[in-house]
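This report covers helix packing, strand pairing and model confidence, in that order.

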Amino acid sequence: MVAASLLVVLSACSNDAAAPSSLPQSPAEPGPTEAPPTDAPTADAPQPGTPAEAILDNRSSRPGIVFGSFNMKNEYLNTVHTGWMNGGPLDPSNIMTWLSGARAKGGRVVLKLCKGRDSYVKENGRFSLTKWKALVARYRNLPLGSYISDGTIVGHYLIDEPHRGSRWGGDGISPATLEEMARFSKEIWPDLTTMVRVAPSWLASSPITYRYVDAGWTQYTTGKGDAAKWVASEAAAAKQKGLGLVVGMNVMEGGDGSSKIRGDYPGHWRMSPTEIRKYGGALLAQSLACAFFNWHHDAAFYNRADIKSAMTEVSAKARAHAKTACRQ
């Protein structure tokens with residue numbers, strides 16, 4: 001029945017065009033979320049196409065909310081780094097191995113199922129909804145259900161930075177298109193939380209009512225000002241639109257320079273231990289935060305004694321955070 005529904009959806013929603021958005025475009029954040037420099041390698045379900053009721057998306061028996069990193073391998077999961085967000089390394093042939101490995105270590109993960117940006121754009125660089133759907137649909141017959149129900153899979157990361165027109169051939173990806181992407185995801189996995197890596201304030205600037213997009217995703221850098229004020233503003237925007245809030249820090253490129261450790265891009269800096277403690281504590285003081293992910297895992301940086309100590313302290317705050325719904 002689901003497969004039949006998907007055939008209808010694929011034929012009915014084959015328009016590649018993501019409507020040009022008139023919404024404000026935020027400046028690019030330092031540190032891309034594609035091609036990282038290192039380490040990339042039964043409850044009753046709602047009827048397909050209808051959003052599930054608000055539930056604790058973090059259904060894991062582990063305490064608090066996940067404290068993870070982008071592009072991290074299972075071997076690095078531990079009592080501090082309790083989850084990962086991965087896209088590029090995943091495909092239908094290996095995803096079950098990735099998931100079973102994460103479950104064995106008590107990990108909580110977010111999946112990006114559409115590979116890298118070059119896999120779902122047209123020749124002119126604009127987003128292709130048809131290509132995106134085809135990539136996601138490759139996973140529809142895999143047994144992901146138990147990993148969703150036990151909280152191993154925290155969410156489906158639909159897309160990164162839809163607001164940046166420069167990434168998409170001049171036009172951003174509209175909120176209406178994001179809703180269609182999320183609706184398509186829920187046709188296949190009704191209980192899987194859908195997440196978009198864009199600030200809730202951008203999502204809230206659209207008059208659209210989000211029925212299928214569940215959560216916005218914020219990533220703090222020092223250029224955004226006071227961390228507590230910034231996350232409070234984003235939380236207010238998320239609440240306004242009935243969205244969950246994923247938080248995190250760009251520890252690799254978003255520092256103020258006090259660490260004296262240069263980032264991978266000119267003019268950018270790794271965060272210092274003091275910054276990690278300060279900003280991480282401010283983000284985790286926000287009650288709406290439902291997950292915490294840093295950009296991105298780097299073994300050499302993460303293994304520094306001073307960084308390890310700071311990460312341990314922030315992870316403890318995530319573990320003490322009340323379990324919070326990413327689906328409001």
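Axes are lines fitted to C-alpha atoms, for helices over the stretch in contact, and angles run from 0 to 180 degrees between N-to-C directions. Helices (H or I, at least four residues) and strands (E, at least two) are DSSP runs, numbered from the N terminus. The structure is a predicted model, in which local features need pLDDT of at least 70 and side-chain atom pairs count only at pLDDT 80 or more, while totals for chains, interfaces and linings use all residues. Residues are numbered from 1 along each chain as its sequence is written, and side-chain values use heavy atoms, with hydrogens and water left out.

| Helix pair | Angle | Axis separation |
|---|---|---|
| α7 (residues 227–240) and α8 (residues 273–284) | about 30° | 8 Å |
| α8 and α10 (residues 305–320) | about 10° | 9 Å |

Angles under 35 degrees count as roughly parallel, over 145 as roughly antiparallel, 65 to 115 as roughly perpendicular and the rest as oblique. Helices α7 and α8 are therefore roughly parallel to each other, and so are α8 and α10.

Contact means heavy atoms within 4.5 Å. On the α7 side, Ala227, Ala228, Trp230 and Val231 meet Tyr279, Ala282 and Leu283 of α8. This contact of α7 with α8 has seven nonpolar residues, no polar and no charged ones. For these classes, Ala, Val, Leu, Ile, Met, Phe, Trp, Tyr, Cys and Pro count as nonpolar, Asp, Glu, Lys and Arg as charged, and the others, Gly among them, as polar.

Toward α10, α8 contributes Pro273, Ile276, Arg277, Gly280, Gly281 and Leu284. Their partners in α10 include Asp306, Ile307, Met311, Glu313 and Lys317. The contact of α8 with α10 divides into eight nonpolar, three polar and four charged residues.

Strands pair if DSSP finds at least two bridges between them. Strand β1 (residues 67–70) runs parallel to β8 (residues 289–294), joined by three bridges; Gly68 stands opposite Phe293 of β8. Strand β1 also pairs with β2 (residues 83–86) in the parallel sense, over three bridges, and Ser69 has Trp84 of β2 as its bridge partner.

Confidence is given as pLDDT, the predictor's confidence in each residue, from 0 to 100. The protein has a mean pLDDT of 86, with 82% of its residues at 70 or more. Residues 1–27 have pLDDT below 50, and this stretch has 55 contacts in the model beyond near neighbours in sequence. Over residues 30–57 pLDDT stays under 50, with 71 contacts in the model beyond four places in sequence.
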